[in-house]
Every structure is written in structure tokens, then in C-alpha cells.
Amino acid sequence: MSECKNCKSKHLKSVINFGKMPLANDFIKSENVRKYNLEIMFCEECYLVQVKEYINHKIIFNDNYKYFSSYSKTIIENGKEYFKKITNKLQLNKDASIIEVASNDGYLLSIFKENGYNNLLGIEPTKSTAYSAIKKGINTKVEFFTYNFAKNIQKADLLIANNVITHVPDINDFIAAIDYSLNDEGIATIEFQHLYQLIKNKYFELFYHEHFTYLSLLTAKSIFNNHGLEIFDVEELQSQGGSLRLYIKKSSNKFYPISNNVEKITKKELDFKLNQFKTYSDLNKYAEQIKDNIKKHIKDKKVSGKKVICYGAPAKGTILLNYLNFSKSDIEYTVDKNSNKQNLLIPGTNIPIYSVDIIKKDKPDCIFILPWNIKEEIMEEHKYIKEWGGQFISYR
Ligand SMILES: [Zn+2]
């Protein structure tokens, strides 16, 4: 019987069971891809939502990892905004020690570097992305961020951890590492998809093996408190379908007052009953409905002789297309700007990924957008498809 990865309780309830699914970012050349059980559980004791069976994170975040942050304009813009905000809020000196965990291809630390900050350290376990950061001149260690690892690096005045806390197999070890890495006056900012948005908007395709845990502010507060850390401010962000940015300090640091936002968002979660299983219980039914609707819609287009392709090869696209049981006979191909994904297949389907240039040559009738979080950016960039009567399909 499985137990909660945070509080060890055995009171886990199933939210949604996808059966066997490929790893969402396991882009390969052949159709033979390994599949693993994917079931999402809710802990009735600490309210942590989590995958039932963990896949070894060294299998997931391998040297072949294909997610590069710099390919999205939206991500770069958000990074610039964050830079302005945090350097103001903390009055950061140019020699401040800044650590970014899961620094990917170094896009965020590059913004600090361009603005004269020099004491920077990126920590990134996937070689493919880390080497890209090193080429940009960003000091990067190719490692997983753990408590043991944290003992051997500099301490931070600012520690940044965006979209990584849900990726770690041992959330308590990760938070202990953050505590260890902070100077007494140091601040950490942590971003993750907000469980509240995930459930409220029924984003079932955002559940995948790579995301071991799904956090509410309620659960985050209690886990951080257990490690002598305190959330003193929180912001709601648009990114990734709705995220939280937590501002964290050591509990002993009384310099920053606790913002009203903490109470406000906690109340919002409690009003939505995010601490009760019944709030999660209709996600499965909703996912089935979406599946039927998309299948019917694409089938109608095909029957009327339209050529249907996809745009993008995001992780959520892998989950959605596998959930739909789609193959090349439903979607001829997809396109992605990330050259590392091009000429590979979407895992678990035989749908190939090509360069976006093919759209202008091939003139498809319908483009089904998979990364709906940046759909405005995509529709603007490719609005020329109207010239031949092309249309976009978006399911969110
Ligand atoms: Zn628990």
C-alpha cells in the first residue's frame, strides 16, 4: 500500500488514473517508448496531491532532456519582469549571491548578468540544457539540488526555484536544502503550478510522471514551517495555467512582515474546499468529456477532407494525445520551434515533430494548439494561415 510522500499517511485517495502512459518529455526517434502507470492521489492528512508511483528522476531528467526555456518569448518576458520586481523588492546589490535551482538553459540568470550581477550560480541536472547555459557564460553546476549537494556550494542572498519543486522526488530533502543554502537574511522565491488552478480549471493533462507533487498554499505553508522557513508573501501568476510565487525567509528573520496575500489565498483555497477529497472527485468525468469532444471535433474535420496538424510538442500535449489515443492517422504531424525536438516523435504516438517552416509550404486547414498557455503568441505569429483559410483549434 502506498503512503504519502510528505507525511507518510496511508490515507490516499485516487483522483485520476491514466493507466500506462509514456514519459511526457521522452521524445525519441522510434515508436517503441516505455510506458509507466500514471495515477494521481490526494492525501487526506496533508492535502498533498501526488503521483502514486514515482519514476526514478534520473530516468526522467536524463541527458537527452528536451525542454529549453529560451524557446518561449512569454517565458523570457516573465523573466524580465521578475528581475525588475525582485531586485527592487530586496534592494539587491550587484555583488549579491544569486542561486537558481533548475536554471535550465540559463535564460533567467542571463538577465541578471546583462544587468551587472556577477555572483551567479545555476544548478541544473540535465546536461543538454546546462551546457547551453555554460555556453552563455553562466556559471552552472550539472547536478540535482539536494541537501547533501547544498553543503558544498555558496550561500544565497536570493535563491530562485521556478517550476522545480514539483519535480523533486523528496520534497522534504529539497526544502531542507533551500533552508541550508540561504543566508540568515536570504530570501527564496519559488514558483509552481497552483493546485487550486489545476483543479478549478480541470487541467487533467498537466498531471504527469515528471510532476511528482502538486501543491496548494495550505500544504506548502505547513511543509516550509516544518523546516524553519516561513512564507511571507505570495503572488498569483498567469504562467503554466496559473502558478504561485512564494517569497520565503527563515522564520527567525523578522525583517519582512507577513503580507495579507498569504491569508487571502489560503482563504480562497479553503473556500474552494481544496482540503476535501470531494473537490477532486469529478476531474475524471470531465477528462472523459473533453476526450469525447476533441475526438468528435477532429473526426468531423477529417471527414470533411481537412488536413489537421498540431502546433507544439509540450509535455501536456504528450499526455493529451496519448489520452486521446491519437496517432498519425488523426494528426499528420506537429511543429515545434525547439530544434532539439524536431524530427523526433511525440512519445507514445507515431506523430512526427517538424520545424514550423513547414506550415507555409504545406498550408494545413486546421492547427490544433497544444501549448494553450501561449496560444495568443502562437496565433499572432502564424496569423498568415488565414490567407488560405486555415484556422486554429484550441480546446482551452
Ligand atoms: Zn500527506
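Which residue just after α4 takes a positive phi? Select G137, where phi is about 85 degrees. The model is predicted: local features need pLDDT of at least 70, side-chain atom pairs count only at pLDDT 80 or more, and totals for chains, interfaces and linings use all residues. Residue numbers start from 1 along each chain as its sequence is written.

Next, select α4, residues 127-135; helices (H or I, at least four residues) and strands (E, at least two) are DSSP runs, numbered from the N terminus. T129, A130, S132 and A133 of this helix are buried (20 or more other C-beta atoms within 10 Å of the residue's own, with C-beta atoms placed from the backbone). Looking down the axis of α4, the buried residues fall within an arc of 155 degrees, so they line one face of the helix; the arc is that of the directions from the helix axis to the C-beta atoms.

Now move to the open sheet, with four strands in the order β1-β2-β3-β9 and antiparallel pairing; two strands pair if DSSP finds at least two bridges between them. At its edges are β1 (12-22) and β9 (213-214), each pairing on one side only. Two bridges join β3 (residues 49-51) to β9. Select V49 to find Y214 of β9 opposite.

Finally, colour domain 1 (69-280) and domain 2 (284-393), whose bounds come from an automatic or database domain assignment. Their centres, taken over C-alpha atoms, are 31 Å apart. Domain 1 gives 13 residues to the contact and domain 2 gives 13 residues; residues are in contact if their C-beta atoms, placed from the backbone, lie within 7 Å.

Methods:
Two residues are in contact if their C-beta atoms, placed from the backbone, lie within 7 Å. A residue is buried if 20 or more other C-beta atoms lie within 10 Å of its own, exposed if 12 or fewer, and partly exposed in between; C-beta atoms are placed from the backbone.
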